[in-house]
Amino acid sequence: MSTERLTERIARRCSSALPVLEWLPRYDASWFRPDVVAGITVAASVIPEGLAYASLANLPPETGLYAGLLAVIAYLFLGTSRQVIVGPTSALAILLASGVGAVAGGTGASYASLVVVTTILVGVFAVIAWAFRLGFLVHFISGSVLTGFSAGAALYIMSTQLNKLVGIESSASTSAFGQTFFGRLWYTGSHLAEANPETLVVGVAGIVLFVLGERYVPRAPNALFLVVLSIALMSVTDLQARGVDIVGSIPSGLPSLTVPAIPSISTLGSLVPVAASLFLLSYVQGIGAVETFARRHDYRADANQELLADGVANLAAGLGGGFAVGGSMSRSALNDAVGGKTQLTNAVVALVLVVVLLFLTGLFTLLPETVLAAIVIVAVSGLIDPSALQQLYRVSKSEFAIAMAALLGVLTVGMLWGVFVGVVLSLLVVVSRASRPITHELGRIAGTDHFVALELYPAATTTTDVFVYRVEAELFYANAARVRNDLLERLAKRDSDVELVVFDLTSSPTVDFGAAQMVEKLHGTLESREIDLRFSGADAEAVELFEATGLAASVGGVNAEEPVDDVIDRWRAERSS
């Protein structure tokens, strides 16, 4: 291989793994101003949400800023979406807190150290998935499951903030019920007499102001305005002395390399399912936002490259003392709304966070915790989509039931197991649909050689002695038996004496060995009734499989891509010879 070709291949691979090498040289100077404005606006949202989600994860507030900073730097170099902003999210924070908290409670290991290990594992899982090009797997999670899971996650997260919102001590219960949505509601309701009135007023006022801001000035940094207003309020009143808790001192400075203590094998094993859930949730959140904005602006995003971006962002967040990160739909939507054009927006966000961490952390000392709770509650309310649930109920009761099962799974067994409930439901949906394919009896359109589904085109005609059948799916072991039974049931309903069954494989490009065995049995059944079996529209690989099993010879030969009309003509010619 010549030096030039080797250099070209290396450059191509680098630009593939580092999208910044592809888009930055083509950067249009006219995009710079909107990218800067968008970056500053998004940073104004990242700062209060980072502090709030760190609290949600039971971590010091600065860790949310560390995670946000390192995530946007990683995505600047590795991301393929021009609008997506990666960082801490409410769902990841609460899943991390519940999952790692349960593991830390049964060991002597530090919770913060286990958070770092878990976040690094999330990154490792994502990088491994990227190496094996597993980006396509996310498409197996159905939209109805995500709709229900998101709504359940929002309600669950809200329940974790109730004690901070009203100013009561958090529940010390370690029971399974006490850690659920319903358990937290029961605890808060039974302890309302202990609520701090001032805390409740500040929190509720924060919710009202945030909601009004999001409704009437959605492009404004409403969370930051609320934070600044609440800090000003605390500085001129004696609310702190009256029991309104504040964030307290936040250390200044940039994140430094954090090397966690390696936990025991048993502890590490307990963290693996937590990290796997976080990875899945992180990637699903991110790729959903990526695909949304790629479609909106008509450009191509790489699902596999997003795995690498997600993995490196989490590795950086973990090693930098932060916690699990993922693509944020709300911050990405804000970036798009204010005109962000490219990934350079991430660089602006990073620069603003560096300035805040170096010089401005002292400003947040008096930030009330109840205001952080208000920010979380309003932010996650966007995860509930009543219109989507109504549409599911109206269009498909079964899909609505799946969404409700995912929702109740989160509320009853928590976020960690709720993720697995969602995954299992998605897989069951895929298996159910694959094992129950759509099938048709075909008829000919008069005056043509085209065969179409009789259910869709009643005017199509059938021939007395020929039955033509098609499956609108690949044929494999899971649906083989159902297809065979369906064909025989349809055949039994024909009033005439059928002498030929033509199995049209045009819509079944793949046939596995289990399906081939089914077809052999079907041939035997039809042969015992003195009915011939032929195949049309077979893919070349299906022809090879039928020839290898001997079925092709038994049915008089199978030709690749042979039309139905030709198969029938060939059969009639054989009968008349």
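Biologist: How many of the 577 residues of the chain count as buried, and what makes a residue buried?

Modeller: Buried stands for a relative accessible area under 20%, exposed for over 50%, and partly exposed for anything in between, with a 1.4 Å probe and protein chains only. Of the 577 residues, 51% count as buried. Please keep in mind that this is a predicted model, where local features need pLDDT of at least 70 and side-chain atom pairs count only at pLDDT 80 or more, while totals for chains, interfaces and linings use all residues. Residues are numbered from 1 along each chain as its sequence is written, and side-chain values use heavy atoms, leaving out hydrogens and water.

Biologist: Why is Val-72 called buried?

Modeller: Its relative accessible area is 1%, so Val-72 counts as buried. Val-72 sits in helix H4 (residues 62-78); helices (H or I, at least four residues) and strands (E, at least two) are DSSP runs, numbered from the N terminus.

Biologist: Which residues does Val-72 touch, not counting those up to four places away in sequence?

Modeller: With contact meaning heavy atoms within 4.5 Å, Val-72 touches Ile-85, Val-86, Asn-346, Val-349 and Ala-350. The C-alpha atoms of Val-72 and Val-348 are separated by 9.3 Å, although these residues are 276 apart along the chain.

Biologist: What makes H3 and H15 oblique to each other?

Modeller: Axes are lines fitted to C-alpha atoms, for helices over the stretch in contact, and angles run from 0 to 180 degrees between N-to-C directions. Helix H3 (residues 32-56) and helix H15 (residues 344-360) pack at an angle of about 50°, with axes 7 Å apart. Angles under 35 degrees count as roughly parallel, over 145 as roughly antiparallel, 65 to 115 as roughly perpendicular and the rest as oblique. H3 and H15 are therefore oblique.

Biologist: Which residues make this contact, and how do they divide into nonpolar, polar and charged?

Modeller: Among them are Phe-32, Val-36 and Ile-47 of H3, and Leu-344, Val-352 and Val-356 of H15. The contact of H3 with H15 holds 14 nonpolar, 2 polar and 1 charged. Here Ala, Val, Leu, Ile, Met, Phe, Trp, Tyr, Cys and Pro are nonpolar, Asp, Glu, Lys and Arg are charged, and the others, Gly among them, are polar.

Biologist: Why is the pair of Phe-279 and Tyr-283 called stacked?

Modeller: Rings of Phe, Tyr and Trp (its six-membered ring) pair if their centres lie within 6.5 Å; planes under 30 degrees apart count as stacked, over 60 as edge-to-face and the rest as tilted. By this rule the count comes to 11 aromatic pairs. For Phe-279 and Tyr-283, the centres are 6.5 Å apart and the planes lie at 20°, so the pair is stacked. Both Phe-279 and Tyr-283 are buried.

Biologist: How do you know that Asp-298 and Glu-561 are exposed?

Modeller: Asp-298 has 71% relative accessibility, so Asp-298 counts as exposed. Glu-561 is exposed because its relative accessible area is 52%.

Biologist: What is phi of Asp-298, and what of Glu-561?

Modeller: Phi of Asp-298 is near 60°, a positive value in a residue other than glycine, and phi of Glu-561 is near 60° too. Most residues other than glycine have a negative phi.
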